[in-house]
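Please read them beside the model.

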Amino acid sequence: MALLIVLLTQSTTPLFAHPAPYSYLDLRVGQYAIEATLTAHTLDLAHELNVTPAEALLDPALAASKQADLLNLLRARLSLLVDGRAPALEVLRVEPAPERQALTLQLRWATSAAPGLLRVHCALFPYDPQHQTFLNVYEAGALVRQEVFSPNRGTIEHFTGSRQGTLAAIKRFISNGVYHIFAGLDHILFLVGLLLLGGSLRRLLFIVTAFTLAHSVTLTLAMLNVVNPPARVIEAAIALSIVYVGVDNLLVGATGRDVRAWIACFFGLVHGFGFANVLRDFGLPRGALGWSLFAFNVGVEIGQVCLVVIVAALLASLRQRYPALAKRVVVCGSIGVIAAGSYWFIRRVFFGG
């Protein structure tokens with residue numbers, strides 16, 4: 001991507017001699033302001049401003065007179081959230097760039113504090129489905145990120161490399177970790193299967209922590225691109241792990257051997273790859289990769305502990321009041337776990353779902 005952008009920006013004369021559906025946005029992150037330079041082709045701007053011919057926009061006087069119209073246009077097509085707040089956009093200058101058959105706009109968003117998380121939405125020229133906007137993000141004068149806005153990707157989030165950016169990443173990924181536990185039915189069922197046989201709260205937390213430590217290892221390896229098994233294989237293996245937990249619960253009743261901590265540890269390695277597939281969809285900040293992984297794991301552990309406390313309390317109450325029913329719940333629950341895991345395994349292996 002970086003090579004493509006370099007070639008596009010360095011070969012400006014040929015590109016703009018034959019109009020191409022590109023614009024360029026450079027964001028410069030400062031302590032109390034985000035400044036930007038937007039370069040857009042006169043043909044695109046003339047279409048939006050109803051100017052004919054398009055080359056007329058290269059006249060400095062006419063370009064300057066369109067500053068208010070351009071501000072209104074950008075307010076509808078280019079938005080910036082800084083830590084969840086929307087600062088006001090200013091157009092400082094409008095300058096023709098004849099050699100590129102374009103206008104260059106100097107923009108500014110004032111902020112009250114150093115930014116942590118930027119959310120940029122850009123859809124400058126929706127009339128042209130081929131249009132793309134190349135984004136460069138600079139911090140302390142250094143290029144830290146390059147992306148491309150397109151009709152299929154109109155929003156980009158960026159965590160800055162500052163302390164505020166790290167804190168924003170930690171906050172975001174702790175909540176993502178908690179959310180994923182309660183939104184991931186297969187992970188919930190795996191954990192419930194581990195909890196069905198009961199035990200002391202300390203014992204149950206030990207089992208779940210073994211799962212966390214194991215999946216943290218493979219999650220980190222996957223996110224660092226050290227090991228990346230196919231997602232379809234991992235999803236099928238996760239389903240199979242659920243089946244195994246249910247079967248083991250039924251066998252424990254016959255053998256009396258409780259090896260749930262080892263099961264949690266072993267299959268936690270598999271589930272870690274599943275977490276990695278989800279985490280890629282969230283998008284990890286490159287400048288705070290370690291903190292983001294740590295925060296996601298903390299969030300997962302918080303979600304698991306909440307689940308343990310709730311399920312363990314319900315099962316303990318059931319055993320105390322209705323011992324015979326509690327035993328049937330373990331058997332029926334384990335059979336249900338096996339059935340659900342088997343369904344997911346068949347669906348994921350043979351139907352790709």
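1. Which elements do the buried residues of α3 pack against? They pack against β2 (33–41), α5 (67–77) and β5 (102–110). In α3 (residues 42–49) the buried residues are Thr42, Asp44, Leu45, Ala46 and Leu49. Buried means under 20% relative accessible area, exposed over 50%, and partly exposed in between (1.4 Å probe, protein chains only). Helices (H or I, at least four residues) and strands (E, at least two) are DSSP runs, numbered from the N terminus. Just after α3, Asn50 has a positive phi of about 60 degrees.

2. This is a predicted model: local features need pLDDT of at least 70 and side-chain atom pairs count only at pLDDT 80 or more, while totals for chains, interfaces and linings use all residues. Residues are numbered from 1 along each chain as its sequence is written, and side-chain values use heavy atoms, with hydrogens and water left out.

3. The salt bridges come to 11, each being a side-chain nitrogen of Lys or Arg within 4 Å of a carboxyl oxygen of Asp or Glu. One of them joins Glu48 and Arg77, with the closest N and O atoms 3.1 Å apart. This pair links distant parts of the chain, Glu48 in helix α3 and Arg77 in helix α5, 29 residues apart. Arg77 counts as buried, at 19% relative accessibility.

4. Glu235 and Arg348 form another salt bridge, the closest N and O atoms being 3.6 Å apart. Glu235 lies in helix α9 and Arg348 in helix α12, so the pair ties together parts 113 residues apart in sequence. Arg348 is buried at 11% relative accessible area, whereas Glu235 is partly exposed at 24%.

5. The largest nonpolar core has 46 residues, and those with the most contacts inside it include Phe173, Phe190, Leu194 and Phe296. A nonpolar core is a set of buried Ala, Val, Leu, Ile, Met, Phe, Trp, Tyr and Cys residues joined through side-chain atoms within 4.5 Å. Among the elements giving two or more residues to this core are α6 (163–183), α8 (201–223) and α12 (323–350). Apart from it lies another core of 37 residues, among them Leu57, Leu73, Leu74 and Phe149.

6. Beyond its neighbours within four places in sequence, Leu194 is in contact (heavy atoms within 4.5 Å) with Ile207, Val245, Arg260, Ile263 and Ala264.
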